Amino acid sequence: MTRRKLVVGNWKMNGLRAHLPQVAAIGAEASAHGAVEVGLCVPATLIGMANEARGGAFIGGQDCHVKATGAHTGCLSAEMLREAGATWVIVGHSERRADQGETDADVAGKALAGHAQGLKVILCVGESLEIRDSGEAVPFVLAQLEASLPEGAAAQWLSIAYEPVWCIGTGRIPTMEQIAEMHSAIRGALVKRIGEDGNAMRILYGGSVNAANAAEVFAVADVDGGLVGGASLKVDSFGPIIEAAAA
Ligand code: PEP
């Protein structure tokens with residue numbers, strides 16, 4: 001099964017008008033490496049402007065509300081993201097699960113809300129260091145996946161990002177064996193849940209991916225690309241990651 005590599009930058013709460021030249025430069029890198037699907041999930045305030053500068057990259061949001069409209073001060077619906085120019089959305093990032101108390105059920109609802117608006121969805125799962133150290137990382141992540149994956153999930157619109165919480169922004173990454181074990185377990189769970197289409201679904205690794213480790217990570221079986229935080233903010237650090245995925 002050939003799966004096109006997917007490399008997505010998560011800008012988190014970073015990005016102002018002054019950073020649009022970086023979007024353009026990353027978009028040019030994306031155009032130059034068409035074998036890889038490249039995107040930037042930027043702050044919602046930047047989606048419209050980033051969309052004009054995006055070149056060969058897609059622009060996504062970092063979260064959406066489960067509901068379409070209503071009394072939810074400060075929240076954004078999937079339709080709002082789409083109207084602003086987003087074509088993708090991240091749901092269930094560990095920072096939102098921790099900071100906003102999002103549950104697996106919330107995450108499944110958000111994925112469906114994004115899909116209902118025609119957005120492609122990246123659904124994040126991952127264990128804490130405590131769970132990793134307890135030896136329960138695989139069963140924990142599979143349970144989180146099972147509960148967060150919405151009914152009707154399909155490879156055409158949904159990808160998974162395995163992001164160990166202890167590796168996000170820390171400079172640490174698991175061993176390649178640990179990544180392989182988890183991605184293989186996720187692949188098996190996807191096939192069990194949704195059948196053959198589970199083999200077509202992309203599973204990204206996320207957590208301290210950088211220019212130095214990207215090639216090794218992307219060479220691991222069942223790693224179909226990366227979700228990249230800090231290193232995606234500048235083309236100087238994100239470009240080599242895109243190139244590693246294209247190699
Ligand atoms: C992320 O938060 O999705 C992430 C992978 O961050 P970083 O690459 O900075 O660890």
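Modeller: In helix H7, the buried residues are Ala137, Val138, Val141, Gln144, Leu145 and Ser148. Buried means under 20% relative accessible area, with exposed over 50% and partly exposed in between, using a 1.4 Å probe and protein chains only. This is a predicted model, where local features need pLDDT of at least 70, side-chain atom pairs count only at pLDDT 80 or more, and totals for chains, interfaces and linings use all residues. Residues are numbered from 1 along each chain as its sequence is written, and side-chain values use heavy atoms, leaving out hydrogens and water.

Seen down the axis of H7, its buried residues fall within an arc of 135°, so they line one face of the helix. That arc is taken from the directions from the helix axis to the C-beta atoms. Helices (H or I, at least four residues) and strands (E, at least two) are DSSP runs, numbered from the N terminus.

H7 covers residues 137-148, which is 12 residues. From its first C-alpha to its last it reaches 16 Å, close to the 16 Å expected at 1.5 Å a residue; the expected span is 1.5 Å times one less than the number of residues.

What do the buried residues of H7 pack against? Their partners are helices H4 (94-99), H5 (104-116), H6 (129-134) and H8 (176-194), together with strands E5 (120-125) and E6 (158-162). Contact here means heavy atoms within 4.5 Å.

Elsewhere, Phe58 and Trp88 are both buried. Also, the structure holds 0 disulfides, a disulfide being a pair of cysteine sulfur atoms within 2.5 Å. Cys41 is in none; the nearest cysteine sulfur, that of Cys124, is 9.1 Å away.
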